[in-house]
Structures are given as C-alpha cells and as structure tokens.
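Please read the following briefing alongside the sequence and the coordinates.

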Amino acid sequence: MGFAIDYKRRLHTALDKISLEAVEDLIDVFRKARAEDRQIFVFGNGGSAATANHFACDMVKGASFGRSQRFKILSLAEQIPTLTAYSNDVGYESVFVEHLKNFARPGDVVMGISGSGDSENVIQAIDYGNSIGCFSVGLSGFNGGRLRPMVDLSVHVPDGHMGRVEDAHFVVCHMVCYHFMDTESGGNGTADAPSLPA
C-alpha cells in the first residue's frame, strides 16, 4: 500500500474519532460569544499557530462580512512583534498569557490549539483565562496532555501522529467557520449554548 493511500486511510480514521457533539458545542459557544459581543482569542505554536491565524481570518472575514453581527476574534500568533519581544525579554512560555493580560475580560473565550496538549505557553494562557472567568476551549491530540482536562470544552483528536492531528484540527475549524458561512444568511442564528461566565 502506498504512503499516500495509507495516510489518507489513517486520517479518515482520526476524523471519525472526533466528537461531533463537541464540535456542535463549539459552534454554539461561538454563536453565543458573538451574540453577547464577547472577544475570542485563539493561539498555538508552529502548525497550530498557522491554524489559529487561518481560523481567525475565516471568522473575521468569511463568517462576518455583510452580517449584522460580527465575530471579535484575534489570533495571538499573528502578533509577531509582541510575541518576539516577550519571547526574547521574558520567556517563550509567557508569549500568550501576557498578551491576554492586556485584553482578556471575564466572559471572553480563550481557545488554545496544541497537538500534544502540553505546550507550556498554551497551558499558561488557558490557566490565566480560567482564573479570570473566561470560557476555555482546547483542541488537542495524542492523549490530550494537560490541556484536555483543564478546559471548559475539549475537542480532542485521539491520534498519535502530529500531521493527522493538525489536519483534523483544521477540519474542526472549518466546520465552525463554514457553519456560519453556509447556514446563516444574516449571521443572527440563535440556539442554546454552553453557559459562558457572567
């Protein structure tokens, strides 16, 4: 069996293991955050940083343009000068949490993406978000690491291959974005959602 065929087969298996109920819950969290004018912060490292950036772009433009309600979402991985300043002067583990300290408010959404679930800068940012009353979301792979049990909503890909985990995280992000792009004509959909902090 060729490598490409085997990779595709294993990727389909990884995708089949994602909890679609958790993805629907994530869509509801985003819907409620938009309705309540909450900020959403998303972050990750490496490939997960690229996913965070792409996801924020899709939500800011694709899921918001021409709508009466828009998403207030920012990828902290896009903030290169701030990220490198904190990394150089303080420590790489602080790059996301220190940014959140400037902007995050109780009731906002913090979404960490980490294939291993153990990226220290993601863990510290989620921990801070939890401490001030944000709603925390984690996208993880492998065994979920420390991220999976510490978030309010976990979307976990139980696969041990970083490439397939990152592929699956990207699919989850497109599921969320394209829900709003493809099913809501005016961006005003309403539904019961997991409770965000008051």
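The structure holds five aromatic pairs, a pair being two rings of Phe, Tyr or Trp (its six-membered ring) with centres within 6.5 Å, where planes under 30 degrees apart count as stacked, over 60 as edge-to-face and the rest as tilted. F3 and Y7 form a tilted pair, at 6.1 Å centre to centre and with 40 degrees between the planes. This is a predicted model, in which local features need pLDDT of at least 70 and side-chain atom pairs count only at pLDDT 80 or more, while totals for chains, interfaces and linings use all residues. Residues are numbered from 1 along each chain as its sequence is written, and side-chain values use heavy atoms, with hydrogens and water left out.

**Aromatic rings and charges over them**

- F3 and Y7 both belong to helix α1 (residues 3–16), where they are four residues apart, about one turn of the helix; helices (H or I, at least four residues) and strands (E, at least two) are DSSP runs, numbered from the N terminus.
- F3 counts as exposed because its relative accessibility is 66%, the classes being buried under 20% relative accessible area, exposed over 50% and partly exposed in between (1.4 Å probe, protein chains only).
- The ring of Y7 also has the charged end of R164 over it, 5.9 Å from its centre, the criterion being NZ of Lys or CZ of Arg within 6 Å of the ring centre and within 35 degrees of the ring normal.
- K101 lies over the face of Y128, at 6.0 Å from the ring centre.
- One aromatic cluster is formed by F30, F55, F71 and F180.

**Salt bridges**

- There are 13 salt bridges in the whole structure, each defined by a side-chain nitrogen of Lys or Arg within 4 Å of a carboxyl oxygen of Asp or Glu.
- Within helix α1, D6 and R10 lie four residues apart and their side chains meet in a salt bridge of 2.8 Å, N to O; D6 counts as buried at 19% relative accessibility, whereas R10 is partly exposed at 38%.
- R146 forms a salt bridge with D118, the closest N and O atoms being 3.3 Å apart.
- R146 lies in the loop between β4 and α7 and D118 in the loop between β3 (109–114) and α6 (120–131), so the pair ties together parts that are 28 residues apart in sequence.
- D28, R31, R34 and E184 are linked in a network of salt bridges.

- Helix α2 (residues 20–35) has 16 residues and reaches 23 Å from its first C-alpha to its last, close to the 22 Å expected, a span taken as 1.5 Å times one less than the number of residues.
- The buried residues of α2 include F30 and the charged D28, R31 and R34.
- D37, in the loop between α2 and β1 (39–44), has a positive phi near 60 degrees although it is a residue other than glycine, and D37 is partly exposed, with a relative accessible area of 42%.
- F142, in the loop between β4 (135–140) and α7 (147–150), likewise has a positive phi, of about 50 degrees, without being a glycine.
- Most residues other than glycine have a negative phi.

**Surface**

- L20, V171 and M175 make a nonpolar surface patch of about 230 Å².
- M175 is found in helix α8 (residues 162–183) and is partly exposed, with a relative accessible area of 33%.

Definitions and conventions
Patches are made of residues with over 30% relative accessible area and no salt bridge: like charges are joined within 9 Å, nonpolar side chains (Val, Leu, Ile, Met, Phe, Trp, Tyr) within 5 Å. Accessible areas come from the Shrake-Rupley method with a 1.4 Å probe; for residues, only the protein chains shown count as cover.
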